[in-house]
Amino acid sequence: TESFKYTGNKGKGGELHQPASDTHPIMTIAQGCPVSDDQNSLKAGASGPTLMEDHVLREKLFHFDHERIPERVVHARGYGAHGYFETYEALNELTCADIFQRKGEKTPVFARFSTVAGNKGSPDLARDVRGFAVKFYTQEGNWDLVGNNIPVFFIQDAMKFPDLVHSAKAEPDRGFPQAQTAHDNFWDFISLTPESMHMVMWAMSDRAIPRSLRFMEGFGVHTFKFISAKGNEKFVKFHWKPKGGMQSVVWNEAVKLNGADPDFHRRDMWQAIGEGDYPEWELGVQVFDQKFADDFEFDVFDATKLIPEEQVPVKIVGRMVLDRVVDNFFAETEQVAFCTQNIVPGLDFTPDPLLQGRNFSYLDTQIKRLGGPNFTHIPVNAPKCPMRHFQQDGHMAMQNPKGRVNYEPNSWEGGEHNPRACPAHGYQSSSEQVSGDKLRYRSETFADHYSQARQFYISQTDIEQGHIQNALVFELSKVEHLAIRERMVSHLLNIDETLAKKVADGLGLENMPQAAEAAMKTRDDLPV
Ligand code: HEM
C-alpha cells in the first residue's frame, strides 16, 4: 500500500542499489517480514563484526544451506515437461481404465526423460539408456508408466539391481567415471551376467545416443495386465512411438556435443516447446492372452525379452503432446516422483520379478529423497482428481483430514470428509492362482540369454551393425582387465560370430576365446 511504500535504505549502509519500486514489490523473508536491505548484514559499527541478532541474514543462509536434496539414486539427470494425452478410441472391451473410456478425451500428463548412470550434472549425450517416465493425472488417480527407450532390461530379478547400478556408476575408490559405461566394473558385472546380453546389444546400438529426447521410442518394458469392467484379463505391453521418427547421433558427434554443450538434450526440448514445435508420441499397446503367453517361446514375465511386433502388432491407442515447460525446474522436474506402483482400476501388475521389486523401490527411495511420506502433496505429484483418505501427519503434512474423523469404521455423519471404500468402483486386483514352495528361484523359462540378442543384432543394417561393433570395441578397449574383454567376446560368440570376430580383432585379442557356455536356446529345449 502507499503508506507501506518503501523508498530505499537511508541508513548507514548507503543507498540501495535496486530498491523496491512501483514495478518491483517489497521483498520479504519467508515469514513475511519486509526486508530493508538484502545486501548488507547487520554489524556493530561500520567495520564491526556481524551481529547474531541479524535474523534476515540467518534466515537467508539457513535456507540456502538446505537447498540440495539427494539426487535420484539412478536417472539423476533428467528433463521434464507438461502436456496431455489424447485417447484415440474407447478401449472398454479391453480395460476399464478411465483414461481409455472416451474417444477424444484429454488427460494431463507430466513426462520426464533421463539418462540412467550419470550424476545430475553429467553430459546429455552419454552412451546410456534413456528413462521415459510419464505421469497420467487420470480421473481415477495417477497412473505412472515408468519406462525406458529400450524395450528390455539388463537383469531379470530386482535382487540384482543394486549390483547392476553399483557397477555402472563411478568406481568407489576413484569416484569416476561419472557418465560412461566404459570401465572395468561395469563390463565385469555384465560379462558375469549373461542375461544382460540382449540389452547390451541395444545399449551399444544407436538407440543409446539419441539425437534428441523428442526422437526416441519409449517402452513400459514389463508385461502388465488390462482388466475390463466384466473382469476379463489380457496381458499388455506399452510402447511410445515418436511422431517425428527416431534419430540418433553417431559417436563422434556425441563426444563433441558432450564437450561443447552438455545440456544439448534439455536445451533442445526447452527450445522446441518454446517455439511451439511440441514433441509428440503415440501410445501403442501389444495385447495378448494367456494362450499366446503359454505358446510364446520366451517367458512374457522375463524383462530381458520382448514380444516381436510381427507376432503381436502394436495397436496405436492415443497420443501424448508436450506443450508446456515447467515454471520451476526444481519444484517440478526434480521433485516429481514416478512410481511403478501407481496404477489405476483397469490395470494390474504381473509376477515379473523385476517389476515386483520396482514396486517397492520407488516409494522407498522417494520417502528419503523427498523428505518423508507426504511428497504426494507437492503439486506435480498430487492427483488432479478428488483424494479422500485418513492418512495424516508426518513431515510437511498439508492435506490432513478435516473434522473429527480420521479412522474407519466410524459412527459419524457422512460427507466429503468421511469417505468409505467401494467394492464396485474401487481398485480390484486381478485374480490369480498362486501356489508353490518358498524358494529363491529363477524359472527355467528365463534361461535363454542369447536368441533375442542375436535377433536384434541381425535385424540391424550393415551400418548399424558397424556402429555396434565400434561401440563394443571402444567400450571394451577402456577395460584394463584383459580377462573381462575376453569374457565379453566369449558371449558375443553366442550372439553372432562375425560380431565376435570384429570385436576381438578391434581389441587385438591374440586368441579367440571359447564361446561362453550357452544356456538353453529356447523354451522348447527345456527338459520335458
Ligand atoms: C528411477 C529403481 C528398473 C525406469 C529409479 C529410481 C529408483 C529405481 C530407486 C529413482 C526414483 C526416484 O528417486 O524418484 C529401480 C529398480 C529397478 C529398476 C529397483 C529394478 C528392479 C527400471 C526399469 C525401468 C526403469 C526396468 C524401465 C522400464 C526408471 C526411470 C526412472 C527410474 C524412467 C526415472 C524416473 C524419473 O524420471 O524421475 N529407478 N529401477 N527402472 N527408473 Fe528404475
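In this predicted model, Asn148 is buried, because 24 other C-beta atoms lie within 10 Å and a residue counts as buried at 20 or more. Asn148 belongs to strand β4, which covers residues 141-148. Apart from residues up to four places away in sequence, Asn148 touches Val129, Arg130, Gly131, Phe132, Phe219 and Val221.

The UniProt record, an unreviewed entry, gives the feature "active site" at Asn148 and also at His75. These two positions are spread over 74 residues of sequence, yet they cluster in space, with a largest C-alpha distance of 10.4 Å.

His75 is found in the loop between α1 (55-65) and β1 (78-87). His75 has 22 C-beta neighbours inside 10 Å and therefore counts as buried. When neighbours within four places in sequence are left aside, the contacts of His75 are Ser114, Val116 and Gly131.

Attention may now turn to a pair of helices. Two packed helices are described by the angle between their axes and the distance between the axes. Helix α12 spans residues 482-495 and helix α13 spans residues 497-507; their axes come within 6 Å and cross at roughly 155°. Because angles over 145 degrees count as roughly antiparallel, α12 and α13 are roughly antiparallel to each other. From α12, the residues Arg485, Val489, Leu492, Leu493 and Ile495 meet Glu497, Leu499, Ala500, Val503, Ala504 and Leu507 of α13. The residues of this contact comprise nine nonpolar and two charged, with no polar ones.

How values were computed. Residues numbered from 1 in each chain as written. Predicted model: local features only at pLDDT ≥ 70, side-chain atom pairs only at ≥ 80, totals over all residues. Axes fitted to C-alpha atoms, helices over the stretch in contact; angles between N-to-C directions. Helix = DSSP H or I, 4+ residues; strand = E, 2+ residues; numbered from the N terminus. Parallel < 35°, antiparallel > 145°, perpendicular 65-115°, else oblique. Contact = placed C-beta atoms within 7 Å. Nonpolar A, V, L, I, M, F, W, Y, C, P; charged D, E, K, R; others polar. UniProt positions renumbered as here; feature names shortened; annotations may be inferred. Buried ≥ 20, exposed ≤ 12 C-beta atoms within 10 Å, placed from the backbone.
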